[in-house]
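I opened the file and kept notes as I went. The entries follow in the order of my look-ups.

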Amino acid sequence: MMMARLKGISKTIMAVNCAMFLLCFFAGIVGAQQFTRVREAGGSASEERITALEKEIARASSERMALEARLSEQTALVSDALIRQNEMNARADRLRNEADALATSAGLRAATGPGITVLLEPLLSGDAAVRATDADNLLMLVNELRAAGAEAVSVNGQRIGAMTEIRVAGAFININAHPTASPYAIAAIGHGETLSAALRLPGGVASVLEKTFSMKITLSDSLEIPPQAPREAVYLKPAGATP
C-alpha cells in the first residue's frame with residue numbers, strides 16, 4: 001500500500017513538472033506574440049493593451065509560483081514517505097532478528113557456536129539395568145550443562161528442548177520419541193572452558209559418570225546443533241488468548 005502511494009505521488013510530481021513546462025512555454029509564446037504586435041504597431045499600442053499584457057504575464061508568473069509550491073509540497077511528502085518506509089523496514093528487520101533468536105533459543109532453528117562435545121562409551125554391556133542408569137546419567141549431564149550456561153544441547157543429534165524426554169524404552173533410550181543407544185555424543189554450545197570445568201568439579205558429574213562410562217571432553221570453536229522437530233500443541237495456549 002505504501003509503495004502504491006509513493007508511485008501515485010511520483011506520477012503527480014511528473015504531471016506537475018509537465019504542467020509547469022507547458023505553462024511557461026505557452027506563456028513565453030503569448031508574451032512574444034504580444035510584444036511582436038506592439039513592435040509592429042510602431043509602439044502605438046494603448047496603455048490599456050500594455051496593462052493587459054502586464055496582468056497576463058503576472059498571472060502566468062503567479063500560476064508558475066503556485067505550481068512550484070505544489071511541487072515542493074509533493075516532494076516533501078515523498079521524502080517523508082521514504083523516511084517512514086525505511087523506518088518500517090528497519091523495524092521489520094529487528095522483529096525478524098528477534099523471532100530468529102527466539103526460535104533458535106527454543107530449539108526450533110539450527111544453532112551454531114563454540115562449546116564442548118562429550119563422548120560417553122559404556123564400560124559394561126547394555127542390559128536393562130544399565131540402560132535405566134544411562135537415562136538418569138544423561139539427564140544429570142544435560143542439567144549440569146544447562147546450569148553451567150549451555151545455550152543449546154543435543155544428545156546423539158537430538159536437540160534438547162522444553163518438551164524433550166530422556167527415558168528408557170525397551171532396548172533403547174528415547175529422546176524426543178527417537179530411539180537411541182550408546183555410545184552417547186553430547187554437544188553443548190556455550191563458554192567451553194566453563195562448561196568443561198562445571199562437569200569436572202570435585203564430586204561432580206564427571207566423577208559419577210566415569211564409574212560407568214569412559215568420558216572424553218573436547219573443546220570446540222565451532223559446533224552445529226540441529227533443530228528439534230516441532231510438536232503441535234493440543235492443550236497449550238498463550239496466556240490471555242481468546243478461547
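Which residue of β7 stands opposite Val118? I looked it up: Val118 faces Ile186 in β7. I note for the record that the model is predicted.

**Strand β7 and its partners.** I next took the pairing on the β1 side. Strand β1 covers residues 111–122 and pairs with β7 in the antiparallel sense, over 6 bridges. Then I checked β2, residues 152–155. I listed two residue pairs here. Val153 is opposite Ala188 in β7. Val155 is opposite Ile186 in β7.

**The sheet.** I wrote down the strand order as β3-β2-β7-β1-β8. The sheet is open, has 5 strands and pairs antiparallel. Its edge strands are β3 (158–159) and β8 (213–225), each of which pairs on one side only.

I asked how many of the 6 residues of β7 are buried. The count is 5, so β7 is largely enclosed by the rest of the structure. I used under 20% relative accessible area as the cut-off for buried. For the chain of 243 residues, I noted 29% as buried.

**Whole chain.** I found 5 helices and 8 strands. Along the sequence I read the pattern α-α-β-α-β-β-β-β-β-β-α-α-β. I then turned to contacts with a separation of 6 or more: 77% of them are between residues 24 or more positions apart. Last, I noted an accessible surface of about 15600 Å² for the chain. Carbon and sulfur atoms hold 59% of that surface.

How values were computed. Residues are numbered from 1 along each chain as its sequence is written. This is a predicted model: local features need pLDDT of at least 70, side-chain atom pairs count only at pLDDT 80 or more; totals for chains, interfaces and linings use all residues. Side-chain values use heavy atoms; hydrogens and water are left out. Two strands pair if DSSP finds at least two bridges between them. Helices (H or I, at least four residues) and strands (E, at least two) are DSSP runs, numbered from the N terminus. Buried means under 20% relative accessible area, exposed over 50%, partly exposed in between (1.4 Å probe, protein chains only). Contact means heavy atoms within 4.5 Å. Accessible areas come from the Shrake-Rupley method with a 1.4 Å probe; for residues, only the protein chains shown count as cover.
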